[in-house]
Amino acid sequence: MTALLRTDGISKAFGGVQALDDCSIEVEPGSIAGLIGPNGSGKTTLFNMITGYGKADRGDIYLKDTKITNLAPDKVFALGIGRTFQLTRVFSRLTVMENMIVAAHHKERAGQQGSGWLRNPFARAGGPATRRRAMELLEFTGIAKLAADRAETLSYGQRKLLELSYVLIAEPEIILLDEPAGGVNPTLIGTISDRIRELNRQGTTFLIVEHNMEFVMGLCDQVTVLDNGNPVVSGPPDVIRHDHRVLDAYLGTGEEDDDAA
Amino acid sequence: MRPAAIWRAAGLVLLVAAAAVIPLAKNVTVTHVGVFVLLYVGAAVAWNIFSGFTGYISLGAAVFFGVGVYTVALLSKHLNLAGGVVFALYPLAGLVAAVVAVPFGLIALRVRRHTFVVVTIAVFFIFQLMAYNFSWTGGSTGIFPPFLNWDPNTFDMPFYYTALVIAVGAAVLAWAIWGSRFGLQLRAIRDDEDRARGLGVKAMRVKLAAFVISGFIIGMLGGLYFYFQSEALPEYAFNPFFDLTIALMAFLGGFGTLSGPIFGALLLEPYLGYAQFQISNAYVSEVVLGAVFLVVIILLPRGILPTAGERLTAWRAARARRSAAPAAAPAGPAGAPVAGAAKAGTAGTGTPGSGRA
């Protein structure tokens, strides 16, 4: 088992629709893996199964050698899998900094001595070390000046960056990004892909769902194409670009358009 | 953040000082209404710790209140307790209510939003029916305490000051929770519970903890109510109006804020107490209560304090712009629109060209 993240024959049906059908993928440690496919091919559903936002009908999911099939989202996160959502989900009435502190909770706790019940439950959230780290990350993603603002005042692109920032503060081993470039202006897309590359150099593994082919092909080491809930082909971007099955998969449902979740 | 905390502390100290001297007027009506005001301040604050912070609107707080009432009632009846010792029973009443809150929470907190509200109402009616129908609750005739042989002129005093201690304790607790990791997790759950879980928040445990804390405080107030009113009757111990009233108080002042529920209770309960004394037909005050609820939901959905705070900020910003405009004008024709300048400086840096949505 060399794969960091592995799904083994995952199937999931919503009523009569088979969203995932015997879906097996592998993500190598230290890689940037891409997951592409037409709308409705099961990309987000696969993300949901991995991160505990739904129960798979069949199949198993492994993080290294640990079986994480159908664990609750908080447990999956604690084991080292972070994710962002296609439609960004930030805590709108908390400030940007408070958003960061919520996500830092797990990391902060791990650094503390003593058992969970003996700690002072009313201690102020976010110690100085956490706040410093949060500011570093916000600077890294370029939204440090918004730290004291409520998240609801952020633009869509800024929310994407906030979501990436607060996933980063927990230092997960692998980060699942659901359309990080969707609905974001070209300059910001460049920033996001630079940041992903830099984090990857520091050792974070990525699995990315994205419709923007330029983004995926420029960033990923390995791309898997899903069609009807099944991986059709997997390989380096150059191979994928010229594979006729990929063209078939996309031509079957027409051009990529913006779908909702 | 800091100046707000200072203002809040100053406000609280001022309120407590005012509340502490009111009984010196030696007016029985005033202290009698005062006990109810403090009782409702405590209950609204406690309700807000759970419902306001998490966004789960509970209409089952009267369960805790009633459990507190009956806990003290049954103990006093069977142990024949009278005198100062009754005040020692309140924490016990809170504890029993907290124990009840655990299974109640484990069931109700599995569902969200409207379903949660309906489940809390259902649990409330189960408790009310039990109080009416079990033999050991005294049924509809209720339970009456052993006679307290106290001077009627000062009878209310110990209740008044105990209620004050509980209300202040609840407010301080709410404040401590708000800024803590626990409070932050509650507020994250309010904004997006699934997202919070995906960031490692153990949502059920956190929600349940807030539910139990809220139940403990309201249970203590129920215990206080029993000796103060000298009765445990199912229709008053498990009173649906109790739930509606504290929810309205929180919404009126500012749902989910720290000062809102206190403000709402201070505003509303004196009126309700007055109405009880002055308006012979009880339904009039209830109709007014319903009308106030509608007005608040339609005109001030966020409550008086948040709306007022926003107006104040907007007014200050407008005044700052007006005073800045003449100064900026001579600087040159190239000056950016003053209103946007400050904000653009903040928003633009990290995300060139993206602006604000």
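Modeller: Helices (H or I, at least four residues) and strands (E, at least two) are DSSP runs, numbered from the N terminus. The model is a predicted one, in which local features need pLDDT of at least 70, side-chain atom pairs count only at pLDDT 80 or more, and totals for chains, interfaces and linings use all residues. Residues are numbered from 1 along each chain as its sequence is written, while chains are lettered from A and ligands numbered from 1 in the order in which they are written.

Strand 2 (residues 17-27) of chain A is joined to strand 1 of chain A by 7 bridges, and the two run antiparallel. Along this pairing, A:Thr7 stands opposite A:Ile25, and A:Ile10 stands opposite A:Cys23. The hairpin of these two strands has 2 residues between the strands, and there A:Gly15 takes a positive phi near 60 degrees.

Next come strand 1 (residues 5-14) and strand 4 (residues 58-63) of chain A, which pair in the antiparallel sense over 5 bridges. In this pairing, A:Leu5 stands opposite A:Leu63 of strand 4. Strand 4 and strand 5 (residues 66-67) of chain A run antiparallel and are joined by 2 bridges.

The loop between strand 4 and strand 5 of chain A holds A:Lys64. The hairpin here has 2 residues between the strands. A:Lys64 is not a glycine, yet its phi is positive, at about 50 degrees. A:Lys64 counts as partly exposed because it has 15 C-beta neighbours inside 10 Å; a residue is buried with 20 or more other C-beta atoms within 10 Å of its own, exposed with 12 or fewer, and partly exposed in between, the C-beta atoms being placed from the backbone.

Touching here rests on contacts (C-beta atoms, placed from the backbone, within 7 Å). For the angle, axes are lines fitted to C-alpha atoms, for helices over the stretch in contact, and angles run from 0 to 180 degrees between N-to-C directions.

Chain A also has an open sheet of 6 strands in the order 6-7-8-3-9-10, and its pairing is mixed. Its edge strands are strand 6 (81-83) and strand 10 (230-235) of chain A, each pairing on one side only. From one strand to the next, the twist averages 20 degrees. Strand 6 and strand 7 (residues 174-178) of chain A pair in the parallel sense over 3 bridges, and A:Arg83 has A:Leu176 in strand 7 as its bridge partner.

Chain B is built of 14 helices and 0 strands, so that, by the definition of helices and strands already given, its pattern along the sequence reads α-α-α-α-α-α-α-α-α-α-α-α-α-α. Of its 357 residues, 44% count as buried. Helix 8 of chain B is mostly covered, with 21 of its 27 residues buried. After this helix comes B:Ser230, with a positive phi near 55 degrees. B:Arg113, in helix 5 (residues 113-133) of chain B, also has a positive phi, of about 45 degrees, although it is not a glycine.

Finally, the two chains meet: 31 residues of chain B are in contact with 38 residues of chain A. On the side of chain B that touches chain A, helix 6 (156-179) and helix 7 (181-198) of chain B are the elements that give two or more residues. Helix 7 of chain B gives the most, with 13 residues.

Methods: Pairing = 2+ DSSP bridges.
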